[in-house]
Amino acid sequence: SLGNHYDNHHYSSSHHHKKDKKREKEKKKKRSKDKKRQKVRVRNEDDYVMEIMDRTPTPSSGMFGGKQQASSSHNIKQEIKEEAVKEEPIEYDWATIQERMKSSELTETKLRDGQRILTRIGGHFYPGRVTEISPPDIYGILVDRERGNKPHICSREEVLAKAILEVSPGRIEALQPGARVCAYWSSKYHYLHPGTVVENTQGLNLPRDYVVIELDDGDSRDFHIDSIRYLPPGYPLVVGES
């Protein structure tokens, strides 16, 4: 009977222990489900707040349909297109172009440290900048990409005689036949050739941003607007120098 009592007690204890384990497992499962529900609820609340704050559809929001996003993108493109159409092209007459060419003249008031210039050396123009040595009488000219990077020492009068300001036309409308300019022959050369804009008498099929220039050395070809700089009006031909 003692043995039976022990077996019954052992069975009862083991049975209760299994039940406790089962209950604990169910509690853990429930807590895990509650946490998931809480996360979903927080996420949904965040989405709702974002939707209230910004109702404009974006690719990253994921809250709006693809058709609405495409429609919004189309509207923006349409607005940009309409704004571009409204922009009226600037008209340049010869007097305006000459004024712009005149702005390339280097004067005493513009002679200052760091001023961008084009310096005539031989038959070409080299880009660089002014550096003050002992102003207002002595200046240096630093030529871009020159070996040693040492300034050419010049008097004020010499700088004003051989250098001009670096001024780009910016757009093809700001050039007309007769305009004195200088241009880069290619990206391989770091100096500019002087010349004059001429009519396209050869009937070349030129892209919109190109113009024909007759160089002072006798060559003639088309140049892109970005490679061209103004010379002052009536700048003399640079002939027989190299």
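## Aromatic pairs

The structure holds four aromatic pairs, where rings of Phe, Tyr and Trp (its six-membered ring) pair if their centres lie within 6.5 Å, and where planes under 30 degrees apart count as stacked, over 60 as edge-to-face and the rest as tilted. One of them joins Phe125 and Tyr235, whose ring centres are 5.7 Å apart and whose planes meet at 65°, so this pair is edge-to-face. Phe125 belongs to strand β2 (residues 124-134), while Tyr235 lies in the segment after β10 (228-230), and the pair therefore links distant parts of the chain, 110 residues apart. Strands (E, at least two residues) are DSSP runs, numbered from the N terminus. Both Phe125 and Tyr235 are buried, a word that means under 20% relative accessible area, with exposed standing for over 50% and partly exposed for values in between (1.4 Å probe, protein chains only).

Tyr126 and Tyr191 form a tilted pair, with 5.4 Å from centre to centre and 45° between the planes. Because Tyr126 lies in strand β2 and Tyr191 in the loop between β6 (180-184) and β7, this pair ties together parts that are 65 residues apart in sequence. Tyr126 counts as buried at 17% relative accessibility, and Tyr191 counts as buried at 17% as well. Ring pairs also bring in Tyr189, linking Tyr126, Tyr189 and Tyr191 into a cluster.

## How the model is read

This is a predicted model, in which local features need pLDDT of at least 70 and side-chain atom pairs count only at pLDDT 80 or more, whereas totals for chains, interfaces and linings use all residues. Residues are numbered from 1 along each chain as its sequence is written, and side-chain values use heavy atoms, with hydrogens and water left out.

Strand β7 (residues 192-197) runs antiparallel to strand β8 (residues 210-215), and three bridges join them; two strands pair if DSSP finds at least two bridges between them. Within this pairing, Val197 has Ile213 in β8 as its bridge partner.

On β8 there is also a pairing with strand β9 (residues 220-224), antiparallel and made over five bridges, in which Glu214 stands opposite Ser220 of β9. The hairpin of β8 and β9 has four residues between the strands, and Gly218 in this hairpin takes a positive phi near 105°.

## A charge over two rings

Arg221 lies over the face of Trp185, at 4.6 Å from the ring centre, and its charged end also sits over the ring of Phe223, 4.4 Å from the centre of that ring. A charge sits over a ring if NZ of Lys or CZ of Arg is within 6 Å of the ring centre and within 35 degrees of the ring normal.
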